[in-house]
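Student: I have a chain to look at and would like to go through it step by step. Can we start with the overall fold and then turn to single residues?

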Amino acid sequence: QVQLVESGGGLVQFGGSLRLSCAASGRIFSIYVLNWYRQAPGNERELVASMSRGGSYNYGDSVMGRFTISVNISHIDLQMNNLKPEDTAVYYCSAFANAQEHYWGQGIQVTVSS
């Protein structure tokens, strides 16, 4: 009932920037928390950033001060600055919705080269 599609990933040099975007459609009125997660090979999926409908923001320790989550109409954006090789991962947008539902995008690759 909620569809999420990421875009904007790719290859970037160390210290560079990328902006990921996630288009949300369907019953977006039911969403109360928006998230970005990432998963690198061999690692568990980790929370990168989240934003609640009430306006609270949370960031993972490894990206704090470098990444910013924002919402523009039906798009969930993640601005990534000062990228490091350890940021290389598949990035997923997600949304918690009413009735205890958790929706996921398909994931998008971000690769940071040295």
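Student: How many helices and how many strands does the chain have?
Tutor: This is a predicted model. Read along the sequence, the pattern is β-β-β-β-β-β-β-β-β-β-β. The count is therefore zero helices and 11 strands.

Student: How does the radius of gyration of the chain sit against the globule rule?
Tutor: For 114 residues the globule rule gives 13 Å, and the chain is close to that, so it is as compact as a globular protein of that length. Along the principal axes, the C-alpha atoms fill a box of roughly 45 × 25 × 25 Å. The radius of gyration of the chain is 13 Å.

Student: What share of the residues in the chain is buried?
Tutor: A residue counts as buried when its relative accessible area is under 20%. The accessible surface of the chain is about 6,000 Å², and 52% of it belongs to carbon and sulfur atoms. Of the 114 residues, the buried share is 42%.

Student: Is Val33 buried or exposed?
Tutor: Val33 is found in strand S4, residues 31–39. Leaving aside neighbours within four places in sequence, its contacts are Ser50, Met51, Ser52, Ser94, Ala95 and Phe96. Its relative accessibility is 17%, and the cut-off is under 20%, so Val33 counts as buried.

Student: Where is Arg66, and is it buried or exposed?
Tutor: Arg66 is in the loop between strand S6 (57–59) and strand S7 (67–72). Its relative accessible area is 9%, which is under the 20% cut-off, so Arg66 is buried.

Student: Which side chain does the side chain of Arg66 join in a polar contact?
Tutor: The side chain of Arg66 also reaches a backbone atom, the oxygen of Asn82, at 3.0 Å. Beyond four places in sequence, Arg66 is in contact with Gln79, Met80, Asn81, Asn82, Leu83, Lys84 and Asp87. The polar contact between side chains is 2.8 Å, and the partner is Asp87.

Student: Gln79 is in contact with Arg66, so which side chain does the side chain of Gln79 meet in a polar contact?
Tutor: Gln79 lies in strand S8, residues 75–80. Not counting residues up to four places away, Gln79 touches Ser17, Leu18, Arg19, Arg66, Phe67 and Thr68. Its side chain makes a polar contact at 3.0 Å with the side chain of Asn81.

Student: What is the phi of Asn82?
Tutor: Asn82 sits in the loop between S8 and strand S9 (89–97). With a relative accessible area of 39%, Asn82 is partly exposed. Asn82 is not a glycine, but its phi is positive, at about 50°.

Student: Is Gln100 buried or exposed?
Tutor: Gln100 is placed in the loop between S9 and strand S10 (101–104). Gln100 has a positive phi of about 60°, although it is not a glycine. Its relative accessibility is 81%, and the cut-off is over 50%, so Gln100 counts as exposed.

Student: How far apart are the mean positions of the positive and negative charges of the chain?
Tutor: The chain has 7 positive and 8 negative charges. Their mean positions are apart by 5 Å.

Definitions and conventions. Residues numbered from 1 in each chain as written. Predicted model: local features only at pLDDT ≥ 70, side-chain atom pairs only at ≥ 80, totals over all residues. Heavy atoms only, no water. Helix = DSSP H or I, 4+ residues; strand = E, 2+ residues; numbered from the N terminus. Buried < 20%, exposed > 50% of the residue type's maximum accessible area, 1.4 Å probe, protein only. Polar contact = N/O pair within 3.5 Å; in protein donor to acceptor, adjacent residues only side chain to side chain. Contact = heavy atoms within 4.5 Å. Rg over C-alpha atoms; globule rule 2.2 N^0.38 Å. Areas by Shrake-Rupley, 256 points an atom, 1.4 Å probe, with all protein chains shown as cover. Lys, Arg positive; Asp, Glu negative; His and termini not counted. Charge placed at Lys NZ, Arg CZ, Asp CG, Glu CD.
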